[in-house]
Amino acid sequence: MTIKDLQPALVFGIFDRICQVPHPSKKEEKIRKFLLDFAAEYGIEVRTDAIGNVVMTKAATPGHEQAPTVIMQAHMDMVCESNDKSFDFENQPITTIVDGEWLRADGTTLGADNGIGMAAALAALIDDKLVHGPLEALFTVDEETGLTGANNLGEGMISGTMLLNLDSEDDAELFVGCAGGVDTTCTFHYDRSMAPTDFHYFKFDVSKGLGGHSGGDIHLGRANANKLVARFLWTLMQTHELSLCEIDGGNLRNAIPRAAHAVFGVHASNKEQVRVAFNNYVADVEGEYSDIEPGLELELESVDRPDFAVDSNTTRRLIEALYCAPHGVVSMSRALEGLVETSTNLASVKMQPDNQILVTTSQRSSVESRKWDIANQVEALFTLAGAKVSHGDGYPGWAPNMNSTIMRIASEAYEELYGVKPAIKAIHAGLECGLFLEKYPHLDMVSFGPTLRDVHSPSERMHIPAVERFWGQLRRILEKVADLK
């Protein structure tokens, strides 16, 4: 069985077409062209703004012109993570595999976040059997790496009063709130020196972690590869003079880093002690993570002497800061049981060509003051370590409105179709809804979607039966709104 055999055929057919079009964050030119071509193909009115967002509009089914205008919203870009470092997300299509009741990709992220939202919105625009009021479909750019599209939505791009965010990841759940977030970057400047000739050099590598979404998966306690590398190096520094030559870990601010490595040296007379320390460390890590990270791999191999090393002062300050840096859940919500309130992600460590090492972290919270509190703690730590620290602009959270009309309609729609009353929740992740609400305070919003698992990682997968329920719910919501005056 392939994706072409799946139901609902209309939605999966469009999703398959989306998978053929490369659409990394900040490089949405090809997917934007696909959307514009799709609009032309079906005679749909379309417009774009200066940042690259796309809006398609469709008139109401005759007799339902007075119904509220509904905005269906999804983002164009996808997180690009692959088990094969040679995979070219800018030019290669995503290969999909039907695996029982799940759809996944062949060693890469699937892009169901948020390709399935795009597919459902497009399907609703061309479904001639669907009865609906006036429709707008908003497709935003660069949600994953900065919410750039939502933050710069052009004036007058949307006119609707109800917004359906199609970017959630749990069937039978409705989301009416989300966390706000802010990124913090910490830059270390280092001096180069010749790598000592009387040292023995190793490459320490952490790989095949589960990773995952730094908001939706942060409570699962998965390994952070950057933290594992820093912990081992810090341990070695307590008894050995250590020469750090290379360090790299993580890629995306909103993904838990699943791989990292460091190249370092110790005096040649101590190389066997390092191997013993490594074996002990592996045993500790396996004992701590074997139940949740069965595929995690730690490796240590000897390598040739590198050309240069980071100066010893910066090495010490960097490793101590990375080891101390907070990562994971900071606090749980007291308002909604089971909801993470505040968290932080030690996202990436990158050596730059200009003798700098850039550390990127991301902070989230449903409480604005707590978001800045944890961001400021990160700043204080790395400032003490001698780094230059800056914060991004951040994005606001979305406070729940428990009197929402569209929430009630979405809940009734699911219960009528499937006999289950969906759970009403907030999500510990950044949705674009908070930014839309800043620009359009009148909007009544709800977020929902099919079940996705392990998004932002090559293990990303989508539950096929949940897609059919998602599509049925979307259609029923539009039908019910069409009867409003």
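User: A strand is a DSSP run of E, at least two residues, numbered from the N terminus. Which strands each supply at least two residues of the largest pocket's lining?

Analyst: Strand S11 (199–207), S12 and strand S13 (260–267) do. A pocket is an open set of points on a 1 Å grid where a 1.4 Å probe fits, with protein on both sides within 12 Å along at least five of seven lines; lining residues have an atom within 4 Å of a point. This is a predicted model, and totals for linings use all residues. Residues are numbered from 1 along each chain.

User: What volume does the largest pocket have?

Analyst: About 990 Å³. Volume here is the space filled by probe spheres set on the points.

User: New topic. How much space lies in the second largest pocket?

Analyst: The second largest pocket holds about 700 Å³. Its lining has 39 residues.

User: Which of them lie nearest the centre of that second pocket?

Analyst: Asp170, Gly216, His219, Ile427 and His428.

User: And which strands each supply at least two residues of its lining?

Analyst: For the second largest pocket, they are strand S8 (173–178), strand S20 (423–427) and strand S22 (452–453). S20 gives the largest share, four residues.

Conventions:
Predicted model: local features only at pLDDT ≥ 70, side-chain atom pairs only at ≥ 80, totals over all residues. Heavy atoms only, no water.
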